[in-house]
Structures are given as structure tokens and as C-alpha cells.
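Please read it next to the sequence and the coordinates.

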Amino acid sequence: MIFLKKLMISLLTVTVFSGCANNVYAKEIREDIRIKTAKYTNDITIESIEKAFKKNGFIITGNNNMNLAFEKRFQGGEDYKDYRLMFVYNPKIMTKLLKNYPKAGLLAPLSTSVYSKEGKIINISSLTLIGMSRISGIPKTNKDLIELRDTMNQALKDALPNGKDKELSYKKVRPDGEILTKFKFIIRSDSNDMEEVKENYQEMLEGEIESNGFIVAGFNPINEDLIASGVKNYDYYDSYSICKLEVIYPVHKTHPEVGALAPCTMYMYKQKNDKYTYMAYPSVYNWIMTTNIEDDYSLVPLIDAQNLLETTIDNINE
């Protein structure tokens, strides 16, 4: 506990922003998520899907059988024959994006859901170019973001060779809250070892969020890839995949495609020329807006989880 006495965290600002349009018509269709769907064959397996993504330069940072987790926690997990949350990370493309767009870490990794209702049709949901642009703030005309989209498209095509894009009908709606929650603070410590300072903070962060029922489903030390590619702008850059079973369980029953947004990817970084540490994650209002979630059964745990995670991080940073 000695490091806790030494570690002083001064919260300077907590800011949020929304990527929503000011005025939209209900008849407009939101295109943030795509669902690739195909008939199940003996050639399509979890292993073959992973292989397709790896072939296209992605690293599988997580592939969780959620039915097992749902059965253990809720005696559930029978709504879908198969339901997985798989997160994929492309270091080659992401390091190029992070040179100029620190918020690109919100896409590292990208989340997908792989699911089948009765074992006859398989679906993979993922973010579109528009969805990736809106979440990260990177212009949809950016060549590296387009490359990420194209590489995802090819991976999906290889995973489901006879697949087609499912026609969706999401309406553009304004959420009640902000779609991105951001934190900006200074970590003060007696130590001059930046890695030690960061690790002490992260140890405390992980302990607190897990004690409040969240799961750290993945951790990605992105700065290692940045340094290897010649990008040395950061003292540290990491991302977390964070989820809460009480959130995804009710939502997946009616919106299995929400796995394109779950687990939430949260970045934490400090640039060498900046004294501040930055953290951010897409809020649950992003889920609500993107997939038109309206029922209280899904909404209540979503809002509760958003408030709890935000409060938890605020309390750590006081």
C-alpha cells in the first residue's frame, strides 16, 4: 500500500462530447453498424473466423463464449445457440492512425459479435466506416481509416465467403446523454519512472472497476507497437476492453449486434510533450443511439452501468 500514499492524482477536467447531428429526420437510416450474415456450413467455425481475421493482419485480443458466462451468472445463455464477443486489433493500421489521431485508440481493438440463433445462420456485427469515424473523430475520408474499413471488409468476406450484408433499419435519433466520456488529469508521484507511475495507477483503476462488477476483458499495450513502428510520441498508451455482464445479457436478447460496441474500448495515454493523462470510452448512449434501444429491460442496466463506471473513475481521480 506504500505506492498509494505516494500516488496523488489531481483531476483537472472531465469532459464529454457528442458526435450526434443537430437535426435529423426519423426516416433517415443510421449506418454505424453492419451485420454480415451467411448460412452455416461445416467450413465455418470459430477457428476459421479467427483465421480469416489473422490472415488480414488482425490480432485476436479476445474471443469470449458469452453463453457460458450467461449460464454461470444468470442461469441463462439459451437465447442463441452461439453468442460470442470477439475483439480484433490491427497494429499496422492503428499505429499509422495514432501518429495524428490519439483518439484512434477507441478502435484498438474493434469489437464484434458472432452469433447464431438456431445454428443455421451465422452473423458477424461490426462498425462501419461511418461508425468508426463518429466514435473516433477521424474524418471518414482519412486514407488509413478507409484502409481499416477495407481490411475489415476483406476479413469478413474471408470469414463468411457466401455472406451478405443484412438490411438494417435503424433510425437516426438523438440520445439522452453524451456518446463519449472523456477524462483529463495529472498523475502526481514521487517516482520519476513513468512506467511505474502508470502501472500503479492502473493497478488501482483495475481493482476499483472490478470491485464494482465490471470485467477487464482485455488489455492492449499499444505503445509497444507504436515504438516498434517508429512512433515515439507517447510516454504510455494502453487500451482496455471493459464489460459488465448485467449490461450485455439483457441487451443481447433483442440486439445481439450490439457486440460491435461491446466490450467498451477505453484508452489511456500520455504524450511526451504533455503533462496530462487522457482517458475515454464510448458511453452506453452510443449503444442506445446506434441500435435504437428503447425497452426499460435493456435501458435501466445500461444507464446504471454508465453512471457507475463514470463515478468510479471520478472517485479514483479525486
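Helix 7 (residues 194–211) and helix 11 (residues 296–316) have axes that come within 10 Å and cross at roughly 145°. The crossing of helix 7 and helix 11 is right-handed. Helix 7 contributes Tyr-201, Met-204, Leu-205, Glu-208 and Ile-209 to the contact, and helix 11 contributes Leu-309, Thr-312, Ile-313 and Ile-316. Seven residues of the contact of helix 7 with helix 11 are nonpolar, one is polar and one is charged.

The model is predicted: local features need pLDDT of at least 70, side-chain atom pairs count only at pLDDT 80 or more, and totals for chains, interfaces and linings use all residues. Residues are numbered from 1 along each chain as its sequence is written, and side-chain values use heavy atoms, with hydrogens and water left out.

Some terms need cut-offs. Helices (H or I, at least four residues) and strands (E, at least two) are DSSP runs, numbered from the N terminus. Axes are lines fitted to C-alpha atoms, for helices over the stretch in contact, and angles run from 0 to 180 degrees between N-to-C directions. Contact means heavy atoms within 4.5 Å.

Helix 5 (residues 129–136) and helix 6 (residues 143–159) pack at an angle of about 135°, with axes 10 Å apart. That angle makes helix 5 oblique to helix 6 (under 35 degrees is roughly parallel, over 145 roughly antiparallel, 65 to 115 roughly perpendicular, and the rest oblique). The crossing of helix 5 and helix 6 is right-handed. From helix 5, the contact uses Leu-129, Met-132 and Ser-133; from helix 6, Leu-145, Ile-146, Leu-148 and Arg-149. The residues of this contact of helix 5 with helix 6 divide into five nonpolar, one polar and one charged.

In what order do the six strands of the open sheet lie? The order is 3-4-5-6-2-7, and the pairing is antiparallel. Strand 3 and strand 7 are the edge strands, each pairing on one side only. Two strands pair if DSSP finds at least two bridges between them.

| Strands | Sense | Bridges |
|---|---|---|
| Strand 2 (residues 33–39) and strand 6 | antiparallel | seven bridges |
| Strand 5 (residues 110–116) and strand 6 | antiparallel | three bridges |
| Strand 4 and strand 5 | antiparallel | seven bridges |

Individual partners can be traced. Ala-38 has Ile-122 of strand 6 as its bridge partner. Val-114 stands opposite Ile-124 in strand 6. Asp-82 has Ser-116 of strand 5 as its bridge partner, and Tyr-83 stands opposite Tyr-115 in strand 5. The hairpin of strand 5 and strand 6 has four residues between the strands, and Gly-119 in this hairpin takes a positive phi near 85°.

How much of strand 5 is buried? Seven of its seven residues are (buried means under 20% relative accessible area, exposed over 50%, partly exposed in between; 1.4 Å probe, protein chains only). Both faces of strand 5 are covered: Leu-110, Thr-112, Val-114 and Ser-116 are buried on one side, and Ser-111, Ser-113 and Tyr-115 on the other. Strand 6 (residues 121–127) is mostly covered, with six of its seven residues buried.

**Helices on the sheet strands**

Helix 6 lies across strand 2, strand 4, strand 5 and strand 6, running at about 175° to strand 6. Helix 4 (residues 91–100) has Pro-91, Ile-93, Met-94, Thr-95, Leu-97 and Leu-98 as its buried residues. The buried residues of helix 4 pack against strand 3 (59–65), strand 4 (82–89), helix 6, helix 8 (222–228) and strand 10 (234–243).

**Two loop residues**

Ile-179 sits in the loop between strand 7 (164–165) and strand 8 (180–188). Ile-179 counts as buried because its relative accessibility is 3%.

His-255 is in the loop between helix 9 (245–254) and strand 11 (264–271). Is His-255 buried or exposed? At 13% relative accessibility, His-255 counts as buried. Leaving aside residues up to four places away in sequence, His-255 touches Thr-291, Asn-292 and Ile-293.

How values were computed
Left-handed = near helix turned anticlockwise from the far one by under 90°. Nonpolar A, V, L, I, M, F, W, Y, C, P; charged D, E, K, R; others polar.
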